[in-house]
Amino acid sequence: MNCSGGVFDWEPALRKLHELNARVEDPTLWDDATAAQALMRERTRLASSVEAVRGLERDLEDALGYAEMADEEGDEASLEEARGQLKALKDRGARAELEALLSGEADGNDAFVEINSGAGGTESCDWAGMLLRMYTRWAQQHGMTVDFLEETAGEQAGIKSVTLQIKGQNAYGWLKTEAGVHRLVRISPFDAAAKRHTSFASVWVYPVVDDAIVIDINPSDVRTDTYRASGAGGQHINKTDSAVRLTHIPTGVAVACQAGRSQHQNREEAWKMLRARLYELELQKREAAAQALEDQKTDIGWGHQIRSYVLQPYQMVKDLRTNVETSDTQGVLDGDLDAFMGASLAQRVGVTREG
């Protein structure tokens, strides 16, 4: 991690954290609750970044000392263990460096994730279910929690659609890199002739909008529909007669929630989702304007295919935006997405990664 300038300026960060800690002690801080919440979020984010650097420094010192001792004693097994520790520290440092780039106003927020199967019936529904598992695994591996807000099961397998809320530090900042169309090529388990099939599913990501971000919506622009909840049931869905769908008529944006036990709960959550969707639309407009020249050079953009997952006749996952690829398809489907997310994030902020 560059602590001397650019990505994470160490001395200015320490001074800023000291300043924020002093302001927290001000008894008048909470006279303005919105400003106080913003300050506390900034303090928490900065304190976390500072502690991450200090933790890396402590662990690096310990690992180097362990390696030196193992080398002096000629203990090859311990030396190999030390190499593993140093590699893990390098990976932690690379991730921390990228997290320092998550400076967007909503990057630190929780995220809504929508997965929808494409054309292709059972095949695409099964693929959407695989993506659901992949993102759930990724979130759990990073200490995040996953709440199911809406789920529509496929007729034979998988899911037609699902909406998740993923809660954790920088959840939106990381997951926003996954928005787009995902393509799967494999021998179909549903085809008796064992032919190869290509399936598509879309992933859309938008931030949970907190109280610091004001989104004004005219209630007369929103149509409300209620319906009976459906889905796979079990641990994910509380089946009720109070599911709520909101449609923002001017934009056509529609959201639905059926996780709550009452119509009131579902309506409240649906409004949060709608505000988040409209906020994400505004973020997309800003990004499109800022990257207009770059967009002319590439076919990268919201709604385009971003990644191919090939399971037969060979094993490969390739990101079509960054050209990052791996043959460890099972690892990716088990949630090992950091290399793809990191490369995409670095590309978005114009940073060339070394290594």
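User: Let's start with one residue. Which strand does T247 lie in?

Analyst: T247 belongs to strand β7, which covers residues 243–248. Keep in mind that we're looking at a predicted model.

User: Is T247 buried or exposed?

Analyst: To read burial, look at the relative accessible area: under 20% is buried, over 50% is exposed, and in between is partly exposed. T247 has 10% relative accessibility, so T247 counts as buried.

User: What is T247 in contact with, leaving aside its neighbours within four places in sequence?

Analyst: There are contacts from T247 to D221, V222 and R223, and also to V253 and A254.

User: Can we zoom out for a moment? How many helices and strands does the protein chain have?

Analyst: The chain has nine helices and 11 strands. Of its 355 residues, 42% count as buried.

User: Now a whole strand. Why is β9 called largely enclosed by the rest of the structure?

Analyst: For a strand, go through its residues and see how many are buried. Strand β9 runs over residues 305–310, and five of its six residues are buried, so the rest of the structure largely encloses β9.

User: How do I read its pairing? In which sense do β4 and β9 pair?

Analyst: Check the direction of the two strands, then the bridges between them. Strand β4 (residues 180–187) pairs with β9 in the parallel sense, over five bridges. As an example, L184 has Y309 in β9 as its bridge partner.

User: And how many bridges join β9 to β10?

Analyst: Four bridges do that, and here β9 and β10 (residues 316–319) run antiparallel. One example is R307, whose bridge partner in β10 is D319. A hairpin of five residues joins β9 to β10.

User: Next up, charges. What can side chains of opposite charge do?

Analyst: They can pair when their charged atoms come close. In this structure there are 17 salt bridges. Take K16 and E19: their closest N and O atoms are 3.8 Å apart. Both lie in helix α1 (residues 10–24), and since they are three residues apart, about one helical turn separates them. K16 is partly exposed at 27% relative accessibility, and E19 is partly exposed too, at 37%.

User: What forms a salt bridge with R137?

Analyst: That's D334, with the closest N and O atoms 3.6 Å apart. R137 sits in helix α4 (residues 122–141) and D334 in the loop between α8 and α9, so this pair ties together parts that are 197 residues apart in sequence. R137 counts as partly exposed at 32% relative accessibility, as does D334 at 23%.

User: Which residues are linked with E178 and R307 in a network of salt bridges?

Analyst: D319 and R321 are part of that network.

Methods. Residues are numbered from 1 along each chain as its sequence is written. This is a predicted model: local features need pLDDT of at least 70, side-chain atom pairs count only at pLDDT 80 or more; totals for chains, interfaces and linings use all residues. Side-chain values use heavy atoms; hydrogens and water are left out. Buried means under 20% relative accessible area, exposed over 50%, partly exposed in between (1.4 Å probe, protein chains only). Two strands pair if DSSP finds at least two bridges between them. Contact means heavy atoms within 4.5 Å. A salt bridge is a side-chain nitrogen of Lys or Arg within 4 Å of a carboxyl oxygen of Asp or Glu.
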